[in-house]
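Hello everyone, and thanks for coming. Please have a look at the sequence and the model first.

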Amino acid sequence: MVSVSPVLPAPSVTSVTSVTSVTARCRRRVLASLAVAACLLPLTAVPAAASGAMPPPVRPEDRASGAMPPPVRAEDQGDHLTVVVRHAGVGRDGRYDLYCHPEAGRHPDPAGACRVLDENTRWGRDPFAPVAPGTVCTMVHGGPATARITGTWAGRPVDATYDREDGCRIARWDHMVPLLPRVGAPAQVGPQGGASA
């Protein structure tokens, strides 16, 4: 008896090409996925400081040996400004040192001064920027008061001067109250003859 096996047709050139192209596309997709995963891998590693990890507790032998770092002093912290005010009037003129985060220093209102600085600090904008050249301002003189602010704020050096020579400069000064002292019209007289705020 003779057995006959079926003869399979030889694969055509087009079917081999299509299988090869499908395999190549799959290979490219896998490689692209691996490349994306490799790029994202560093983003998953969180530094200890960002993860809220606490430093190890201080051992008694470290305290005894003097290996402890000194405590952080207010003058070593980043947000420190010196404000010098002149010709603003009695009780307003002087030199004031201000530290923020936490609030401290020789300033009449450190909490209020730090709050106004935080409110005026925006990414990409200098909170101490002078009035832009070419700005149209009212020609109102706000008195002889001047101020100079120097130091460091938000990691950047500060050296800004303030005066009240026109409406724009008055508004710039008033925008920084209570960092700068309130200067302007005297207290108004209330209906009972007393001063009102």
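The secondary structure here comes to 4 helices and 6 strands, where helices (H or I, at least four residues) and strands (E, at least two) are DSSP runs, numbered from the N terminus. Along the sequence, the pattern reads α-α-β-β-α-β-β-α-β-β.

A word on the ground rules. This is a predicted model, in which local features need pLDDT of at least 70 and side-chain atom pairs count only at pLDDT 80 or more, while totals for chains, interfaces and linings use all residues. Residues are numbered from 1 along each chain as its sequence is written, and side-chain values use heavy atoms, with hydrogens and water left out.

Let's turn to the sheet. In what order do its 4 strands come? The order is β2-β1-β3-β4, in an open sheet with antiparallel pairing; two strands pair if DSSP finds at least two bridges between them. β2 (94–99) and β4 (156–163) stand at the edges with a single partner strand each, so one side of each has no neighbour in the sheet. From one strand to the next, the twist averages 10°.

Now the pairings themselves. Strand β1 (residues 80–86) and strand β3 (residues 146–153) run antiparallel and are joined by 7 bridges. Within β3, V84 has R148 as its bridge partner, and V83 has I149.

Two helices pack on this sheet. Helix α3 (residues 110–120) touches β1, β2 and β3, and its direction makes about 70° with that of β2. Helix α4 (residues 167–174) touches β1, β3 and β4, at about 130° to the direction of β4. Contact means heavy atoms within 4.5 Å, and axes are lines fitted to C-alpha atoms, for helices over the stretch in contact, with angles from 0 to 180 degrees between N-to-C directions.

G151 stands opposite V158 in β4. The hairpin of these two strands has 2 residues between them, and A154 takes a positive phi near 55° there.

Next, please find L81, in strand β1. Is L81 buried or exposed? L81 is buried, with a relative accessible area of 1%; buried means under 20%, exposed over 50%, and partly exposed in between (1.4 Å probe, protein chains only). Not counting residues up to four places away in sequence, L81 touches a list of residues including Y96, L117, F128, I149, W153 and V158. L81 and W153 are 72 residues apart in sequence, yet 7.2 Å apart in space, C-alpha to C-alpha.

For the whole protein, 22% of the 197 residues count as buried. Among contacts between residues at least 6 apart in sequence, 50% join residues at least 24 apart.
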